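Visitor: Could you take me slowly through one part of this model, the salt bridges, and explain how each pair of side chains is placed?

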Amino acid sequence: MKNFKRVIAVIMIAAMMLCTFAACGGNEASKEKVIFIGSTGPLTGDASSYGISVKNGAELAVKEINAAGGLNGIQLKFDMKDDKATAEDAATGYDALMDEGMQISIGSVTSGSCESFAAKSVADNLFFITPSASAANVIADRPNGFRICFGDPDQGILAAQSLTKTYKNIGCIYDTSDPYSSGIYDAFSAEMKNLNVDFLTQKFDAENKKDFSTQVEALKGCDVIFLPIYYTEAGLIAKACVAKGCNAVIYGSDGLDGVADQIDATVTNTIQYITPFDVNSTEPATANFVKAYKDAYGSAPDQFAADGYDAIYVIYNAMKAANITDADIEPSALCDAVVKAITDKSFSYTGATGTLSWDVSGACNKSLQVVTLEK
């Protein structure tokens, strides 16, 4: 009887082990194939509007792509770590994403953070295409680095050429402590010198960016004030214009996208800014994105949401052009394949921010436009 029980026990143990192995094999077989796209951006803090918008746009694109079957049957996974728009947190976020298996990236949202992120990506040969980090050094001499947005010099040069055609008395306020602002200002200043046009300059830094009454008073007689800065400070400057009776046109770089939420009806100054994205465009790709975004989030998208959306679709289309079929592909191999695809002369993508193409510099070729804020 004891031998019989022992035989039964052995059979039961064997059966349990067989079921365990079968279950494990079943889980492995049914494991979802995923390519992991990582990013960092400011999800909290003064620049959080940018990070949240990019995140929303990117997540919308990932959802659409996955719903349509993904990339050759492979689903896309996206995660953005909060870098609070600081280089230190961007570096920490990069390390965390790599530990979690990041294979490709849309980099960081702001220029200072993306410089930190990009510097670490070189050693891993990780492909990134930042939606909105416009400083020249972010992609300079980095074969793995690309961007969706315009570079800072492009905006500075365009602003100088545009403003000198329309206005005589031109002023400028910029942030000496911010690479984005300083980069655009340097290009603007150089182009103004080339055009032999004088202008007035005021500045501020990270320690002094709450009260702009002095700067506005100094530029009170200007016809236009160029602001190569972010929307938070631009909103304060617009309010200072009201307090000082300054009626100058406020003309900004793409960082002003979001300024509408920083002002009220007391601000009567005309506000314009450079952007590749017009939320009221009737172009099919743009209009379809705007509708999808409103349906998903209940509000209209800004340029940063559009940039995030396009960044994901560019990665998807480049991987598709490279015929990526291995979900476990290493970041370096994926980078080499995607760089080859995206820099091919036949590659282009038409999305929310226009028709885009790239060369080995990583800079994006597309058309600029100027939007007037509707109050």
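Guide: Before we look at this predicted model, one term has to be settled: a residue counts as buried when its relative accessible area is under 20%, as exposed when that area is over 50%, and as partly exposed in between. With a relative accessibility of 30%, E59 is therefore partly exposed, and K55 is placed in that class too, at 23%. These two side chains form a salt bridge in which the closest N and O atoms are 2.9 Å apart, and both residues belong to helix α2 (residues 48–67), where they are four residues apart, about one turn of the helix.

A second pair is made by E115 and R142, whose side chains meet in a salt bridge at 2.8 Å, N to O. Because E115 sits in helix α4 (residues 111–124) while R142 sits in the loop between β4 (128–130) and β5 (145–147), this pair ties together parts that are 27 residues apart in sequence. E115 is partly exposed, with a relative accessible area of 23%, whereas R142, at 13%, counts as buried.

Finally, D79, K81 and E100 are linked in a network of salt bridges, and the structure as a whole holds eight salt bridges.

Note on methods: Residues numbered from 1 in each chain as written. Predicted model: local features only at pLDDT ≥ 70, side-chain atom pairs only at ≥ 80, totals over all residues. Heavy atoms only, no water. Salt bridge = Lys/Arg side-chain N within 4 Å of Asp/Glu carboxyl O. Helix = DSSP H or I, 4+ residues; strand = E, 2+ residues; numbered from the N terminus. Buried < 20%, exposed > 50% of the residue type's maximum accessible area, 1.4 Å probe, protein only.
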